[in-house]
Amino acid sequence: MKAYRWFVDVILPLPLPRPYTYGISVRQTELLKPGCRIIVQFGKRKNHTAIIQSLHQNKPVNCEVKGIISVLDDKPTVSSKQLLFWEWIADYYMCTPGEVFRSALPAAFRLESETRLFADEADNQMVKLTESEILIHSVLKENQGLTLNRLISYTGKKNILTAIKSMLEKGIIAAEEHLKERYKPKYRTYIRLNPAYKNKRALNELMNKLERSPKQLNLLLKYLELSKIITDRIGAEVGKSELLKKTASGQSVISLLIKKKIFETYQKEVSRLSDRFPVLQKMNELNNSQRVAFEKILGKFRDSNVVLLHGVASGGKTEIYIRLIADQIKKNKQVLYLLPEIALTVQIIRRLQNVFGEKVGIYHSKLSDSERVEIYNNLNGFPKPGQSHYQVILGVRSSIFLPFQELGLVIVDEEHENTYKQYDPAPRYHARDASIMLANIHRAKVVLGTATPSLESYYNAQIKKYGLVELKDRYLNLEMPEIIVVDLKAARKRKEMQSHFSRMLISSIATALENEEQIILFLNRRGFSSYLECDNCGWVPVCKHCDVSLTYHKENNRLICHYCGYTLTNLKTCQSCNSTSLLSRGFGTEKIEEDVSIMFPNKKITRLDLDNTRKRDAYQTIISKFETGQIDILVGTQMVSKGLDFNNVKVVGILNADNMLNYPDFRSYERSFQLMAQVAGRAGRKNGRGKVIIQTTDPKNPVIRSVTENDYESMFHDQLNERRKFGYPPYCRLINIILKHTRIPILNSASDELAAMLKLLPEVTIVGPEFSLISKIRNMNLKNILLKLKKDHNLLGIKIQIKTCIEDLLSNHHYNNLRITVDVDPM
């Protein structure tokens with residue numbers, strides 16, 4: 001075994017509780033720095049990309065130290081500030097550094113080994129083989145080095161793992177690990193004129209020769225026009241695809257000119273990202289309210305690192321953000337502009353690029369992995385040729401892990417949105433809270449902007465932890481929309497309902513359509529109906545993997561579980577009594593879309609929900625069509641409530657406020673207010689006063705009253721009193737521990753045992769264990785233990801003790817198949 005004097009502690013992309021140590025040579029110490037990627041072996045065969053956390057000369061005791069396999073970077077991929085941020089994320093959200101690693105870096109940065117299988121060429125007649133093993137051996141002899149997936153494809157057998165394991169043990173086949181490179185640079189083919197024809201005389205002679213070949217001559221002339229090589233000695237580069245588009249000539253004509261050595265081709269590495277930017281425009285002038293708010297934010301920054309901008313819907317917060325961004329760009333700083341939804345990036349990116357052009361980059365999950373690598377490298381100081389360094393990144397929550405060099409400002413727009421919270425997999429971080437720590441590491445400032453602040457943020461502003469700036473006037477002094485509450489109980493008694501629409505809502509929609517105005521209909525439930533029910537025996541189709549009924553989607557005639565994806569198709573009879581009388585109960589966006597299409601058959605109606613926005617450009621297509629008036633009525637879930645800006649929306653209909661208000665969660669009233677106020681804010685943003693119609697069976701509910709009066713303060717104080725009384729945030733911190741097991745008796749035993757251990761911790765209140773609201777998901781039964789921690793308590797110390805309790809429980813072999821997840825600050 002080789003003796004090492006120098007060692008590296010590395011983070012592996014695995015859920016390991018600590019870094020692992022590998023040996024390096026003295027020469028490698030000169031090459032390696034914290035943040036560099038290396039390849040190491042972990043386990044018997046597997047090779048992984050690891051990130052160096054530190055270099056040292058402290059030899060590990062009582063263990064064999066392996067050397068590293070190879071070095072991938074000559075400069076760190078992860079900066080020291082990023083490593084510090086990763087460490088905070090892992091500590092605060094009670095996950096492992098490896099889980100942070102997997103979330104933080106684009107997958108293409110993680111070269112992972114894939115197993116390739118090889119057959120022994122020797123005669124193995126002495127070894128007894130099964131039929132499957134004979135087939136596998138013969139396939140591998142003909143195709144050495146197949147991956148497992150390719151072998152399955154060749155053999156046509158899916159269950160071959162047992163046979164492969166047996167053959168490895170017999171020595172009939174061998175397995176080798178090969179590193180798989182995921183990122184490949186993109187190259188573009190360019191055309192250039194052979195240098196022999198660059199003088200005028202030779203070029204004239206060439207054109208005379210080509211007069212008998214008009215297609216070749218036309219192609220040459222088009223090249224000369226595009227390259228400007230006659231008027232400019234250097235000329236412009238001409239792409240092969242661009243030249244083909246500009247002429248009627250085909251590939252064969254170019255091939256002939258290349259064969260005649262008139263044209264030459266060459267390859268050049270290019271960016272996958274868009275290189276087309278609009279002509280730069282001046283920033284809009286701020287009105288008086290905006291200018292005052294902007295100056296107040298700058299003033300608050302002198303005393304506070306975080307400022308909450310509480311601005312009314314359509315108050316022009318984005319224009320203030322643009323001014324703040326321009327201020328940072330003047331200082332040569334970078335800005336991270338966070339949005340809760342990809343849908344919002346469609347509108348905002350245009351507004352930012354109109355002002356800042358190629359300085360703006362965009363980062364979200366709809367980008368390909370290679371595109372994400374290019375954005376990451378750009379920020380890390382390695383832009384593609386001809387590409388500008390990004391100074392502004394517009395992105396969703398994962399953007400907080402990008403390698404900012406000179407971060408000066410973080411803008412968290414619609415800071416109240418729960419989509420900033422990551423649920424699965426770990427780390428289960430909240431991007432708003434994590435971005436404040438990120439800004440602290442970079443000594444940057446943070447602006448939290450919203451018309452409906454989260455209670456925690458507004459409370460922090462009230463106790464002076466954050467600065468507070470309020471923007472109370474709508475842009476162009478437009479009136480707030482008229483809000484009308486329709487009592488569904490009374491409307492049904494008076495027979496004023498048509499399907500799920502009140503007479504008031506139908507009348508308002510019709511009037512708006514007559515005036516060529518647009519409508520948004522909001523319902524926070526997708527699908528056609530909540531469930532199907534047999535009218536004869538009451539049977540309801542449920543998911544066989546989860547404790548939920550299946551949602552009916554009429555568009556593709558499927559019943560789908562929204563938790564695991566289990567699907568039933570073409571269900572025509574009751575599976576209990578064989579009756580054909582299956583009735584749909586409840587309603588979703590798909591049902592509303594169908595009903596509106598029947599009421600207004602000549603109008604264009606579209607849905608905006610998860611079901612019809614799965615494709616990469618689906619958001620952009622729908623939003624662009626609605627912006628340009630190609631869609632009259634937009635039916636959507638909470639996607640339509642999140643900061644979208646449409647000029648011609650006159651009417652907003654909230655179809656069922658009750659399903660939000662009655663949700664069993666201590667935040668349900670807060671979220672209901674936020675959703676209704678936000679979706680109401682889409683009405684009347686430019687052309688006159690809008691109208692909002694809220695349908696509910698509880699018109700006297702205090703949240704409904706607060707929405708109609710646009711009174712955030714009353715909702716805030718009502719909810720604050722409730723939370724103080726029952727001990728919920730912002731008066732404490734919450735940690736939710738979820739235990740999962742396939743067998744309920746083991747789950748009950750484990751949860752009771754863990755709860756007993758946790759009750760011994762000081763200053764911790766335990767709620768539970770209780771079965772989750774959805775008690776079974778993907779065949780796993782779930783129980784929750786909710787911990788309430790005092791805010792002034794030693795949070796890190798308590799978390800260490802909680803981890804110890806969990807580790808002690810899992811050390812019991814009876815709980816080998818028990819899964820435990822920890823959610824800090826659950827939403």
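Predicted model: local features only at pLDDT ≥ 70, side-chain atom pairs only at ≥ 80, totals over all residues.

Colleague: Which residues of H11 are buried?
Modeller: Gln290, Ala293, Phe294, Ile297 and Gly299 are buried in H11.

Colleague: How do you know that the length of helix H11 fits its 13 residues?
Modeller: H11 covers residues 288-300, and at 1.5 Å a residue it should span 18 Å. Its end C-alpha atoms are 18 Å apart, so the two agree.

Colleague: What makes Thr450 buried?
Modeller: The cut-off is under 20% relative accessible area. Thr450 has 0%, so it counts as buried. Thr450 is part of strand S17 (residues 445-450).

Colleague: Which residues is Thr450 in contact with, beyond four places in sequence?
Modeller: Contact needs heavy atoms within 4.5 Å. Thr450 has such contacts with Leu308, Leu309, His310, Gly311, Lys317, Tyr321, Glu414, Glu415, His416 and Gln678.

Colleague: Why is Gln391 called buried, with a relative accessible area of 13%?
Modeller: Buried means under 20%. Gln391 has 13%, so the label holds. Gln391 sits in the loop between helix H14 (369-379) and strand S15 (392-395). Not counting residues up to four places away, Gln391 touches Ile329, Asn332, Lys333, Gln334, Val335 and Lys359.

Colleague: And Leu219: buried or exposed?
Modeller: Leu219 is buried, because its relative accessible area is 0%. Leu219 belongs to helix H8 (residues 214-227).

Colleague: What does Leu219 contact, leaving aside neighbours within four places in sequence?
Modeller: Leu243, Thr247, Ser249, Val253, Ile254, Leu257 and Phe263 are in contact with Leu219.

Colleague: What makes the phi of Asn710 worth a note?
Modeller: Phi is positive, about 50°, although Asn710 is not a glycine. Most residues other than glycine have a negative phi.

Colleague: What is the phi of Asn779?
Modeller: Asn779 is not a glycine, yet its phi is positive, about 70°. Asn779 lies in the loop between S33 and S34. Its relative accessibility is 33%, so Asn779 counts as partly exposed.

Colleague: How do you know that the peptide bond between Ala426 and Pro427 is cis?
Modeller: Its omega is about 5°. Pro427 lies in the loop between strand S16 (407-413) and helix H15 (431-442).

Colleague: Where is Pro769, and what is the bond from Gly768 to Pro769?
Modeller: Pro769 is in strand S33. The bond from Gly768 is cis, with omega near 10°. Most peptide bonds are trans.

Colleague: How do you know that the span of helix H26 agrees with its 16 residues?
Modeller: Residues 795-810 at 1.5 Å a residue should span 22 Å. The end C-alpha atoms of H26 are 23 Å apart, which agrees.

Colleague: Which residues of H26 are buried, and what covers them?
Modeller: Leu795, Gly797, Ile798, Lys799, Ile802, Cys805, Ile806 and Leu809 are buried. The cover includes helix H2 (80-92), strand S32 (732-741), helix H25 (744-758) and strand S35 (819-824). S33 and S34 are also among the covering elements.

Colleague: Now the whole protein. How do you know that its radius of gyration agrees with a compact globule?
Modeller: For 827 residues, such a globule would have a radius near 28 Å. The protein has 31 Å, which agrees. The C-alpha trace spans about 85 × 75 × 70 Å along its principal axes.

Colleague: What share of the residues is buried?
Modeller: Buried residues make up 52% of the 827.

Colleague: How many helices and strands are there?
Modeller: There are 26 helices and 35 strands.

Colleague: What about contacts between residues at least 6 apart in sequence?
Modeller: Of those contacts, 75% join residues at least 24 apart.

Note on methods
Residues numbered from 1 in each chain as written. Heavy atoms only, no water. Helix = DSSP H or I, 4+ residues; strand = E, 2+ residues; numbered from the N terminus. Rg over C-alpha atoms; globule rule 2.2 N^0.38 Å. Buried < 20%, exposed > 50% of the residue type's maximum accessible area, 1.4 Å probe, protein only. Expected span 1.5 Å × (residues − 1).
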